[in-house]
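Good morning, colleagues. Please take a moment to look at the sequence and the structure before I take you through them.

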Amino acid sequence: MKQLTVISGKGGTGKTSITAAFASLAKNAVLADCDVDAADLHLILKPDIKKTMGFHGLNIADVDRDKCIDCKKCFESCRFNAIDEEINIIKGSCEGCGVCAYVCPIDAISMKERDSGFSYISDTRFGPMAHAMLKTAEEASGKLVTVVRNNAKTLAIEQKKDLIIIDGPPGIGCPVIASLTGVDMVLIVTEPTLSAIHDLERILDVAKHFDIPAIVCINKYDINKENSEKIEKYCKSINIEIVGKLPYDTMVTEAMIHEQSVIEFSDGDLADGIIKMWDKIKKRLIE
Amino acid sequence: MIISIASGKGGTGKTTVATNLSLSLDNVQFIDCDVEEPNANIFLKAKITEQENVFVSIPEVDKNKCDYCGKCSEFCVYNALAVVPSNILVFPELCHSCGGCELVCPQEAISWKEKIVGKVEHGRVGDIAFYQGLLNVGEMQAIPVIKALKRKVDKSKNVIIDAPPGTSCPVIESISDSDYCILVTEPTPFGLHDLKLAVEVVRHLNITFGVIINRDGIGDKKVEIYCKNENIPILMKIPERKKIANLYSEGIALVNAVSEWHEMFYQMFDQIRKGVRK
């Protein structure tokens with residue numbers, strides 16, 4: 001079983017639209033939306049949810065007021081400033097380490113499970129899908145990414161799928177690292193803007209750091225051809241293959257409004273470009 | 001006054017709004033809290049003159065004292081310590097520096113060492129005191145870098161905070177304590193869906209907020225209808241124009257190229273300020 005993660009560093013370069021297009025081209029794949037913070041892939045794939053599972057992120061401290069003797073040991077020991085002097089737990093700051101419960105001399109503090117969101121297993125018109133929802137202001141998105149990836153792997157084994165296509169989050173931190181560790185390849189979607197080029201360099205460093213082969217797609221390459229040439233030169237200099245150069249096309253938004261992938265919605269240059277890119281990626285994955 | 005710029009969805013134009021707003025005001029402190037992928041200085045071009053490292057504490061085990069009892073790894077909810085029969089491994093990237101392992105160690109074998117996870121940079125450009133954070137490649141946790149940045153906030157200035165995308169911990173750390181939050185979106189189904197998530201976050205944090213629609217003209221009218229139904233003010237619409245996209249791609253701020261935008265951003269700020277004072 002192979003795993004491909006679509007990432008970008010910079011947000012809004014077209015990760016999800018391209019992942020949705022791949023979903024409609026791949027014949028035998030599981031889809032996974034690992035952008036659990038702001039998941040959008042379901043808006044195109046319209047999953048039919050088969051199974052919903054609660055997600056418990058970090059625990060949270062809970063003080064039994066009747067037992068508390070106000071010794072303030074917990075207040076003094078908490079490194080996250082999550083307990084105030086009146087021994088109130090500040091929910092947004094507690095990282096669930098359990099130090100307060102450990103130092104409490106009369107066992108007035110217990111660590112409670114926190115309902116942080118849900119993970120889902122679904123069917124879509126393109127095959128099975130693993131996705132999730134993180135509740136507002138909850139932490140541990142990296143942990144939820146791992147849950148989604150494990151669900152996707154289980155689906156792939158059960159349904160004999162040979163590929164998992166993962167829609168990754170923006171950035172380079174915890175949820176991104178959780179989305180790419182152990183995958184066979186990352187596709188980095190960039191665009192010819194100075195911001196995206198800066199972010200491309202950083203995300204390529206992340207892929208290198210974790211020793212994962214990376215390939216690049218320049219989306220909207222024609223909005224600034226000089227910058228696209230810069231990206232091509234840069235990638236060539238560090239031996240990174242550019243597998244696709246996709247034109248700017250308002251069809252992407254149109255398709256999104258019609259809840260379809262670009263491949264389903266139109267058959268112009270953009271769709272052709274994505275089909276060719278997909279063929280290249282398939283070959284690279286088999287190598 | 002602190003104004004933060006956030007979005008939910010990435011790539012909607014947070015940095016465009018934050019940088020252009022800053023360039024339209026006096027006495028500004030700009031803080032780029034997107035420490036994973038900071039881009040604001042591509043547009044502001046502040047000369048970085050000061051740098052400081054951001055450290056976190058991670059455990060160091062004295063292997064002469066350690067008897068591999070495993071109490072520390074049992075306690076650590078982040079799986080940052082692993083004990084095998086005759087060795088102990090520390091995974092610094094996973095450590096949250098809670099101090100628990102030291103507390104539970106019966107041999108007093110654990111002490112702390114500092115580890116660099118990123119840096120905070122400072123410089124000036126015109127009337128803007130610029131700060132940005134950079135998370136080191138391979139590091140998991142942006143929060144310590146964002147916290148170090150937030151310690152620089154000078155409330156006597158017009159503080160503009162450029163937040164990271166998303167809705168979880170780095171966003172909350174960045175925008176909490178703001179007097180006002182501008183949510184930037186685009187008029188597409190993805191834009192609307194993620195705007196709704198961002199609205200939940202700012203309402204949860206009790207921050208007054210308004211919306212800017214970027215790339216106005218693409219997509220549909222559903223963002224506007226949503227804002228109207230929810231009584232959310234639309235502060236500005238930035239039209240989808242080739243010229244604007246091109247300036248962005250070259251790293252040129254809109255207000256420096258098209259002077260009318262200067263006045264529009266200033267007027268928006270004035271409107272926000274009056275609202276906050278009420």
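How far apart do the C-alpha centres of domain 1 of chain B and domain 2 of chain B lie? The model is a predicted one, and in it these two centres are 40 Å apart. The domain assignment of chain B places residues 2-53 and 117-277 in domain 1, and residues 63-108 in domain 2.

A word on confidence. The model has an ipTM of 0.93 and a pTM of 0.94. For chain B the average pLDDT is 96, and 100% of the residues score at least 70.

Let me turn to chain A. Its secondary structure consists of 11 helices and 11 strands. Along the principal axes, the C-alpha atoms of chain A fill a box of roughly 70 × 40 × 35 Å. Of the 287 residues in chain A, 53% are buried. If we consider contacts in chain A between residues at least 6 apart in sequence, 75% of them join residues at least 24 apart.

Next, the sheet of chain A. In what order do its strands run? The order is β3-β6-β7-β2-β8-β1-β9-β10-β11, which makes an open sheet of 9 strands with mixed pairing. At the edges are β3, residues 48-56, and β11, residues 242-245, of chain A, and each of them pairs on one side only. From one strand to the next, the twist averages 20 degrees.

I would now ask you to follow strand β8 of chain A, residues 163-167. Is it enclosed by the rest of the structure or exposed? Because 5 of the 5 residues of β8(A) are buried, the strand is largely enclosed by the rest of the structure. As a general point, side chains in a regular strand alternate between the two faces of the sheet. In β8(A), Leu163(A), Ile165(A) and Asp167(A) point one way, while Ile164(A) and Ile166(A) point the other way, and all are buried.

The pairings of β8(A) can be described strand by strand. β1(A) runs parallel to β8(A) and is joined to it by 5 bridges; here Leu4(A) has Ile165(A) as its bridge partner. Strand β2 of chain A, residues 29-33, also pairs with β8(A) in the parallel sense, over 5 bridges. In this case Ala29(A) stands opposite Leu163(A).

We come to the sheet of chain B. Here, too, there is an open sheet of 9 strands with mixed pairing, and its order is β3-β6-β7-β2-β8-β1-β9-β10-β11. Strands β3 (47-61) and β11 (234-239) of chain B stand at the edges with a single partner strand each, so one side of each is left without a neighbour in the sheet. On average, neighbouring strands of this sheet are turned by 20 degrees against each other, direction ignored.

Strand β10 of chain B, residues 208-216, pairs with β11(B) in the parallel sense over 5 bridges, and Val211(B) has Ile234(B) of β11(B) as its bridge partner. Two helices that pack on the sheet deserve mention. Helix α5 of chain B, residues 143-150, touches β2 (28-32), β3, β6 (110-125) and β7 (128-135) of chain B, and its direction makes about 165 degrees with that of β7(B). Helix α11 of chain B, residues 260-277, touches β1 (2-6), β9 (180-185), β10 and β11 of chain B, and its direction makes about 165 degrees with that of β11(B).

How do helices α7 and α8 of chain B pack? The axes of α7(B), residues 189-204, and α8(B), residues 222-229, are 9 Å apart and meet at an angle of about 25 degrees. The two helices are therefore roughly parallel to each other, since angles under 35 degrees count as such. The contact is made by Gly191(B), Leu192(B) and Leu195(B) of α7(B) with Lys222(B), Val223(B) and Tyr226(B) of α8(B).

I close with the contact between the chains. It takes 50 residues from chain B and 51 residues from chain A. On the side of chain B that touches chain A, α4 (100-104), α6 (169-175), α7 and α9 (242-249) of chain B each supply at least two residues. Helix α7(B) gives the most to that side, with 8 residues.

How values were computed: Residues are numbered from 1 along each chain as its sequence is written. Chains are lettered from A and ligands numbered from 1 in the order in which they are written. This is a predicted model: local features need pLDDT of at least 70, side-chain atom pairs count only at pLDDT 80 or more; totals for chains, interfaces and linings use all residues. Two strands pair if DSSP finds at least two bridges between them. Helices (H or I, at least four residues) and strands (E, at least two) are DSSP runs, numbered from the N terminus. Axes are lines fitted to C-alpha atoms, for helices over the stretch in contact, and angles run from 0 to 180 degrees between N-to-C directions. pLDDT is the predictor's confidence in each residue, from 0 to 100. A residue is buried if 20 or more other C-beta atoms lie within 10 Å of its own, exposed if 12 or fewer, and partly exposed in between; C-beta atoms are placed from the backbone. Two residues are in contact if their C-beta atoms, placed from the backbone, lie within 7 Å. Domain bounds come from an automatic or database domain assignment. Angles under 35 degrees count as roughly parallel, over 145 as roughly antiparallel, 65 to 115 as roughly perpendicular and the rest as oblique.
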